[in-house]
Amino acid sequence: MNRIDLFKRDLEAKKAVKIIAGIDNFNKESVKNVAVAAEMGGASAIDICYDEEIISMVKGMTSIPVFVSSIVPEELANAVKLGADAIEVGNFDALYKKGQRFGAEKVLEIVNETLRLLDGEKTFICVTIPGHINVSEQISLAMKLEELNIDLIQTEGAATVSPTGAGARGLLQTAEVSISNTIELVRNTSIPVMTASGITTTTIPMVFAAGASAAGVGSCVNKLNSPIAMVAVVKSLVESVSNRTNKEIVNA
C-alpha cells in the first residue's frame, strides 16, 4: 500500500486528518516541526508549500502522505515529479491576508491548466472551494470539479468571519462558515469533502458530524512555538476523530 492509499483509506472511513504547514510557510525549521508533529500525532497527511528542498526534506523524514499546495499550475505539476503524494489548489486563507482573491473561474483555470501539464499522469488532486463566493457558486464549482474527476474538495470560511466571542464561542464562530459550506456541498455533490479553515480540537467533531470525510487543520498546530505542544494537539485531534468512529462502530 503506497502513501496516498493510506490517506484514501482514512478518507473512506471519514476520519482523515490533514495537518497544514502553510502554503506560504517556507521556514524549513517550522515545516520540519509540523511534519514531525503530524507523523508522531498519527495524522493522515501533511500539507506543505511548493519548495523543492522542503518537499525533499518532508518526504525523507515522514512516512505519511505529503500534499503540496500552490496556485501555480507549473509548481503543482512539478511537485508530482518531485514526489508529492497529492497536490492541492489552495489553501487560500493565507493568501487572502495578502489581498489576493480567487473566484470560481480562476480556480477552474488553475485546475484545467494543471491537468493539461500533468498530461494524463494519475495523481491525487484536491481543490479548495473559495469560501467567500456564494453557496450556489460553490456547488456549481464542485460539480464541475467532479466532472473533471478531482479526488477531493476542501472548504474554507475563516477569512470571512470576525469572531465576537471569546473562548469556545469564538472558536465556533471561526469554524461556522466552513462547516456550513461543508453541509451544503455534501448535500449537493458526491465528491468527498475536507473541511478546513479555523478548525481546532474543539470544532473538529462538528466537521465530521456535518458529513465531511476529512478535516484540514493548520493554525492551531503550525502557530505553536513548542514542538511538544504541536504533537499533543495533533494527537488530540486524531484521538477525537478516532473516538467518534469507534463509538459509531459500537452503536452500529
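1. Thr155 is buried, with a relative accessible area of 0%, where buried means under 20% relative accessible area, exposed over 50% and partly exposed in between (1.4 Å probe, protein chains only). This is a predicted model, in which local features need pLDDT of at least 70 and side-chain atom pairs count only at pLDDT 80 or more, while totals for chains, interfaces and linings use all residues. Residues are numbered from 1 along each chain as its sequence is written, and side-chain values use heavy atoms, with hydrogens and water left out.

2. Thr155 lies in strand 6 (residues 152-155); helices (H or I, at least four residues) and strands (E, at least two) are DSSP runs, numbered from the N terminus. The side chain of Thr155 makes polar contacts with the side chain of Ser178 at 2.9 Å and with the side chain of Thr182 at 3.2 Å. A polar contact is a pair of N or O atoms within 3.5 Å; within protein, one must be able to donate a hydrogen and the other to accept it, and residues adjacent in sequence count only if both atoms are side-chain atoms. With neighbours within four places in sequence left aside, the residues in contact (heavy atoms within 4.5 Å) with Thr155 are Ile129, Ser178, Asn181, Thr182, Leu185, Val193, Met194, Thr195 and Ala196.

3. Two packed helices are described by the angle between their axes and the distance between the axes. For helix 4 (residues 73-81) and helix 6 (residues 104-118), the axes come within 8 Å and cross at roughly 40°; axes are lines fitted to C-alpha atoms, for helices over the stretch in contact, and angles run from 0 to 180 degrees between N-to-C directions. Helix 4 and helix 6 are therefore oblique to each other, since angles under 35 degrees count as roughly parallel, over 145 as roughly antiparallel, 65 to 115 as roughly perpendicular and the rest as oblique. On the helix 4 side, Pro73, Glu74, Leu76, Ala77 and Val80 meet Ile110, Glu113, Thr114, Leu117 and Leu118 of helix 6. The residues of this contact divide into seven nonpolar, one polar and two charged, with Ala, Val, Leu, Ile, Met, Phe, Trp, Tyr, Cys and Pro counted as nonpolar, Asp, Glu, Lys and Arg as charged, and the others, Gly among them, as polar.

4. The axes of helix 6 and helix 7 (135-147) come within 10 Å and cross at roughly 15°, and the two helices are therefore roughly parallel to each other. Ala104, Val107, Leu108 and Val111 of helix 6 make the contact with Leu141, Lys144 and Leu145 of helix 7. The residues of this contact divide into six nonpolar, no polar and one charged.

5. Most residues other than glycine have a negative phi, and most peptide bonds are trans. Asn149, although not a glycine, has a positive phi of about 65°; it is found in the loop between helix 7 and strand 6 and is exposed, with a relative accessible area of 60%. Ser197, also not a glycine, has a positive phi of about 85° and is found in the loop between strand 7 (193-196) and helix 9 (204-209), but Ser197 counts as buried at 9% relative accessibility.

6. Lys122, in the loop between helix 6 and strand 5 (124-128), is exposed, with a relative accessible area of 65%. The C-alpha atoms of Lys122 and Val80 are separated by 9.5 Å, although these residues are 42 residues apart along the chain.
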